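Subject: Structure handover

Hello,

Here is the structure for you to look at. My notes follow below.

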Amino acid sequence: MPFRFTGIDHVQLAAPTGCEASARRFFGGLLGWEEIEKPEALRARGGVWFWCGAHQVHIGIQESFVPATKAHPAFDVANLQALRAHLAAHGVPVADDETRSEDRISRFYAHDPFGNRLELM
């Protein structure tokens, strides 16, 4: 083929109008992700962008927002159990994935402030 995929540039999670402060508290404050300044031409749309390691996560406004409770991004985390304890200490419910334990990958699920499912592994 004359083309090839080289990876993922960013993941976008939908959120309701007015979500920016909550997104900054959760993704920036609680998870420690660095905020990315959005390009001027896109700022009027709302939302907020973050760095997650070498990748970007864009929190985008969706007028008819419904949280993604099944579809989800999966984030690779160094010291997963420390993150689990950190989230629990801040009142964020986490759920183990018992159905996939045979692959020997440690993982759990949490939800962002808008109800979107996040896999942390």
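Which residue in β7 is the bridge partner of Asp-96? The partner is Phe-108. This is a predicted model, in which local features need pLDDT of at least 70 and side-chain atom pairs count only at pLDDT 80 or more, while totals for chains, interfaces and linings use all residues. Residues are numbered from 1 along each chain as its sequence is written, and side-chain values use heavy atoms, with hydrogens and water left out.

Overall layout

The protein chain has 3 helices and 8 strands; helices (H or I, at least four residues) and strands (E, at least two) are DSSP runs, numbered from the N terminus. Along the sequence the pattern reads β-α-β-α-β-β-β-α-β-β-β. The C-alpha atoms fill a box of roughly 45 × 45 × 25 Å, taken along the principal axes. Of the 121 residues in the chain, 35% are buried (buried means under 20% relative accessible area, exposed over 50%, partly exposed in between, with a 1.4 Å probe and protein chains only).

Strands β6 to β8

Strand β6 (residues 95-96) pairs with strand β7 (residues 108-111) in the antiparallel sense over 2 bridges; two strands pair if DSSP finds at least two bridges between them. Strand β7 is also joined, antiparallel, to strand β8 (residues 117-120) by 4 bridges.

The core

The largest nonpolar core holds 25 residues. Such a core is a set of buried Ala, Val, Leu, Ile, Met, Phe, Trp, Tyr and Cys residues joined through side-chain atoms within 4.5 Å. Phe-27, Ile-59, Leu-87, Phe-114 and Leu-120 have the most contacts inside this core. The elements giving two or more residues to the core are β1, α1 (20-30), β3 (48-52), β4 (55-61), α3 (80-89), β7 and β8. Helix α1 supplies the largest share, 4 residues. Leaving aside neighbours within four places in sequence, Leu-87 is in contact (heavy atoms within 4.5 Å) with Leu-30, Leu-31, Val-92, Val-94, Phe-108, Ala-110 and Leu-120.

The segment before β1

Phe-5 lies in the segment before β1 (10-15). Phe-5 is exposed, with a relative accessible area of 75%.

Regards
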